[in-house]
Amino acid sequence: MPIYAVTYTYADDSAAARDTHRPAHRAYLGTLSEQGVNLVSGPFGADEPAGALLLFRAGSKDEVLALTEKDPFRVEGLVARTDVAEWLPVLGPLAGTFGTS
């Protein structure tokens, strides 16, 4: 099954709201992790633009977008932009982890 790299760009001035909704956001992504959909996810570093990277295993881009639409951060309007691209990990220690090498 394909792997997709999802990038979130957080809305300006949403830091306080993200703090409020982070437990629900992480619980939602945790459920997707248990289902084998969310392979890994996390925010960008403090010196980077506010956002996050998520790697999903799904059947299509449309499926990935539908899953992100249910993420509490998106439901609450905290994500200004969501980009999805199919990703083909071929080298390095993670390539074998995802079963695509």
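User: What should I know about the numbering and the kind of model before I start?
Analyst: Residues are numbered from 1 along each chain as its sequence is written, and side-chain values use heavy atoms, leaving out hydrogens and water. This is a predicted model, where local features need pLDDT of at least 70 and side-chain atom pairs count only at pLDDT 80 or more, while totals for chains, interfaces and linings use all residues.

User: In what order do the four strands of the open sheet stand?
Analyst: Strands (E, at least two residues) and helices (H or I, at least four) are DSSP runs numbered from the N terminus, and two strands pair if DSSP finds at least two bridges between them. The pairing here is antiparallel, and the order is β2-β3-β1-β4.

User: Which strands stand at the edges of the sheet?
Analyst: An edge strand here has a single partner, so one of its sides is left without a neighbour in the sheet. That describes β2 (38-43) and β4.

User: Which residue of β3 stands opposite valine 6?
Analyst: β1 and β3 pair in the antiparallel sense over seven bridges. Opposite valine 6 stands leucine 54.

User: Is β3 largely enclosed or largely open?
Analyst: Buried means under 20% relative accessible area, exposed over 50%, and partly exposed in between, using a 1.4 Å probe and protein chains only. Five of the seven residues of β3 are buried, so the rest of the structure leaves β3 largely enclosed.

User: What angle does α1 make with β2?
Analyst: Axes are lines fitted to C-alpha atoms, for helices over the stretch in contact, and angles run from 0 to 180 degrees between N-to-C directions. Contact means heavy atoms within 4.5 Å. α1 packs on the sheet, touching β1, β2 and β3, and its direction makes with that of β2 an angle of about 165°.

User: Why do the buried residues of α2 line one face of the helix?
Analyst: The buried residues in α2 are Val64, Leu67 and Thr68. The arc is taken from the directions from the helix axis to the C-beta atoms. Seen down the axis of α2, these residues line one face because they fall within an arc of 95°.

User: Which residues does valine 64 touch?
Analyst: Val64 is one of the buried residues of α2. Leaving aside residues up to four places away in sequence, valine 64 touches Tyr4, Val6, Phe56, Ala58 and Val84.

User: How far is the backbone oxygen of leucine 67 from a polar atom of the side chain of tyrosine 28?
Analyst: Tyrosine 28 is found in helix α1, and it counts as buried because its relative accessibility is 18%. A polar contact is a pair of N or O atoms within 3.5 Å; within protein, one must be able to donate a hydrogen and the other to accept it, and residues adjacent in sequence count only if both atoms are side-chain atoms. Here the distance is 2.6 Å.
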